[in-house]
Amino acid sequence: MTAASAVPSSLSGSRTRRTIAQLSRRHLLLVAMAVGVLAVAVRVGTILRGGGPHALSVFYDDGVYYAAASAVAFGRLPYRDFVLLHPPGIVWALLPFAWVGRLTSDSDGMAAARLAWAFLGGLNAALVVVVTRRFGLVAALAGGAFYALWPTAIRAESGPLLEPLGTLALLSALALLSARGVADRRGVQVAAGAALGLALVVKIWWAVPVLIVLGYVAVRYRGRALLRVTLGAATSASVVCLPFFLEAPGTMWRMVVLDQLGRGRVSDTALERLSQIGGAETFKLLGRSAAQVAGTGWLVLVVLAVACALAAWGSVEGRLFAVLTVSVVAVLLTAPSFFGFYAAFAAPVFALVVPAAIHGAARLVPSPAAYRSPRKRSAVTVAAIAGLSLVVGAVEGSAYAAGKPFPERRLDRVVASTRCVTSDSPWGLIELNALSKDFRDGCRVEIDVSGVTHDRLHLTRANGSEVARSGNASWRRYLLTYLRSGQATIIMRAPSGDGITGKERTVIDAWPVLGRADGYVVRDPAAGPTK
């Protein structure tokens with residue numbers, strides 16, 4: 001009898017299964033890490049193309065979120081002391097970077113946050129691989145690569161915006177719920193719920209996918225599991241929100257919920273939104289016409305319908321991802337306000353439905369005889385994904401940069417000895433390294449200058465439509481009053497963004513110039529005309 005035959009067959013089979021499982025985990029880890037590194041590289045690349053992490057962002061909102069965290073670092077609270085139109089999750093997430101800014105410089109703190117969000121994108125891409133691993137390693141790789149290179153995800157994760165945080169929370173919850181034996185692991189269920197609760201405290205839109213996941217838990221794992229997941233969600237959401245809610249309960253409810261639901265609808269069509277949801281903003285930047293963008297909208301709709309149908313056919317998890325996709329797209333299409341980077345809200349569910357659709361298609365369509373070998377099938381699939389990734393990456397790389405240079409060194413010397421600096425955007429204070437100094441000196445700092453028009457200065461017409469800032473006399477007076485409260489001011493946004501027109505622009509342009517560089521002008525509002 002040989003040594004090999006002396007080993008019981010049951011023990012040999014157990015060792016074989018254990019070896020296969022170890023290899024699978026190792027391959028999964030390698031694929032997840034590779035996808036994560038790819039995602040980070042692409043996002044850091046967009047930041048570097050835009051002038052580096054210290055450059056001026058192309059967005060307004062990320063400056064608001066960083067300024068809100070900086071305000072908290074100096075003892076000012078959202079809702080009680082200033083306008084914040086979202087739950088406080090973003091404030092907690094950015095608070096460490098605000099402290100970096102307080103101890104070093106505001107631009108350093110924001111630069112650290114921007115780079116951290118790029119790495120957050122890598123983590124999100126890796127989590128897509130983990131969540132979709134049951135569809136096969138190649139399909140999971142497709143989902144992770146899709147997220148890593150999807151234009152809307154790249155944009156949102158090139159700076160501290162809300163969508164990547166909600167994505168992290170949702171994917172973390174789904175990863176925990178996909179763990180082996182989760183039906184009997186109470187701690188994992190509570191942890192998954194805690195992750196869902198963290199999605200809720202980022203933006204109220206995340207309530208929709210959270211409710212759908214809770215419904216999935218109820219159907220798949222029944223009542224007690226649902227109770228534990230719900231308890232975890234309620235606990236984490238309460239821990240994040242209660243410190244601020246107790247200080248200003250009515251104001252927080254108004255800003256976070258009522259102000260968002262009461263926003264006026266922007267004048268765009270469903271097809272235009274679909275085109276942006278599908279990543280057509282990239283091609284729009286390359287000069288595509290409106291007709292082509294609308295055509296892209298129809299194409300996105302058809303592709304989504306087919307992908308969701310295939311995903312739903314393949315598995316229970318596929319049906320969950322299909323429902324999540326439909327619901328998230330519905331939120332984006334029906335939301336009153338919409339900007340291009342909002343489309344990142346759909347990026348994680350798109351990335352989840354891709355592997356599920358591949359799995360569903362594999363069940364429907366048999367492989368050609370030439371590709372029935374698993375090794376050949378994997379090689380062809382990986383080659384196709386790599387080719388697609390190169391094309392998408394090339395288009396994205398030529399089309400988008402995450403910022404633009406700002407003459408920080410030339411202008412911050414102008415305001416270095418100024419006690420209070422004001423701006424129509426918190427980015428002006430961040431780039432001039434005046435934000436922390438203003439807080440330290442007890443200056444008036446308006447965190448969300450334009451966001452006030454969605455709260456106490458919100459103005460609507462008789463037919464319910466929202467009055468633009470350019471037609472809102474109360475807001476224009478508010479802005480000029482705030483700008484004049486400092487010894488120096490800088491206008492960062494175009495007139496179309498501010499709503500500054502006519503008389504107000506004439507007044508601002510008459511204020512004496514303290515410094516000028518690359519089109520940016522620092523003025524002295526105290527020495528100029530008031531009206």
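Trainee: What makes the contact between the side chains of Asp81 and Arg80 a salt bridge?

Mentor: In this predicted model, the side chains of Asp81 and Arg80 meet with a nitrogen-to-oxygen distance of 2.8 Å, and because the cut-off for such a pair is 4 Å, the contact qualifies as a salt bridge. Side chains of opposite charge can pair when their charged atoms come close.

Trainee: Why are Asp81 and Arg80 called partly exposed?

Mentor: Asp81 has a relative accessible area of 38% and Arg80 one of 40%; since buried requires a value under 20% and exposed a value over 50%, Asp81 is partly exposed, and Arg80 is likewise partly exposed.

Trainee: How do you know that Arg80, Asp81 and Glu247 are linked in a network?

Mentor: Besides the salt bridge of Asp81 and Arg80, the side chains of Glu247 and Arg80 meet in a salt bridge at 3.2 Å, N to O, so that Arg80 takes part in both pairs, and with a cut-off of 4 Å the three residues Arg80, Asp81 and Glu247 are linked in a network of salt bridges.

Trainee: Which parts of the chain does the pair of Glu247 and Arg80 link?

Mentor: The pair links distant parts, 167 residues apart: Glu247 lies in the loop between α10 (207–245) and α11 (249–261), whereas Arg80 lies in the loop between α3 (61–73) and α4 (89–103). At 42% relative accessibility, Glu247 also counts as partly exposed.

Trainee: Are Arg220 and Glu317, which meet in a salt bridge, buried or partly exposed?

Mentor: The two residues, whose side chains meet at 2.9 Å, N to O, fall into separate classes, because Arg220 at 37% relative accessibility counts as partly exposed, whereas Glu317 at 15% counts as buried, the limit for buried being under 20%. This pair, too, links distant parts of the chain, with Arg220 in helix α10 and Glu317 in helix α15 (residues 316–334), 97 residues apart. A search of the whole structure finds 10 salt bridges.

Trainee: Why is the link between Cys420 and Cys443 called a disulfide?

Mentor: The sulfur atoms of Cys420 and Cys443 are 2.0 Å apart, and because the cut-off is 2.5 Å, the pair is a disulfide, the one disulfide that a search of the whole structure finds. The pair links distant parts of the chain, 23 residues apart, with Cys420 in the loop between α18 (408–415) and β3 (421–423) and Cys443 in the loop between α20 (435–440) and α21 (473–483). The angle about the S-S bond is -80°, and the link is left-handed, while both Cys420 and Cys443 are buried.

Trainee: How do you know that Cys241 and Cys308 are buried?

Mentor: Cys241 has a relative accessible area of 16% and Cys308 stands at 10%; as buried means under 20%, Cys241 is buried, and Cys308 also counts as buried.

Trainee: What makes β3 and β5 the edges of their sheet?

Mentor: The open sheet has four strands in the order β3-β4-β6-β5, with mixed pairing. β3 and β5 (513–517) each have a single partner strand, so one side of each is left without a neighbour in the sheet. From one strand to the next, the twist averages 20°.

Trainee: How do you know that β5 and β6 pair?

Mentor: β5 and β6 (residues 520–523) are joined in the antiparallel sense over four bridges, and because at least two bridges are needed, the strands count as paired. In β6, Val521 is the bridge partner of Arg516, and Arg523 is that of Val513. The hairpin of β5 and β6 has two residues between the strands, and there Asp518 takes a positive phi near 50°. Helix α18 lies across β3, β4 (488–490), β5 and β6, running at about 170° to β5.

Trainee: Which residues touch the most other members of the largest nonpolar core?

Mentor: Of its 152 residues, these are Leu94, Leu196, Phe321, Leu332 and Ile447, and the largest share of this core, 14 residues, comes from α10. Leaving aside neighbours within four places in sequence, Phe321 is in contact with residues including Val131, Phe135, Leu174 and Leu352.

Note on methods. Residues numbered from 1 in each chain as written. Predicted model: local features only at pLDDT ≥ 70, side-chain atom pairs only at ≥ 80, totals over all residues. Heavy atoms only, no water. Buried < 20%, exposed > 50% of the residue type's maximum accessible area, 1.4 Å probe, protein only. Axes fitted to C-alpha atoms, helices over the stretch in contact; angles between N-to-C directions. Contact = heavy atoms within 4.5 Å. Core = buried A, V, L, I, M, F, W, Y, C linked by side-chain atoms within 4.5 Å.
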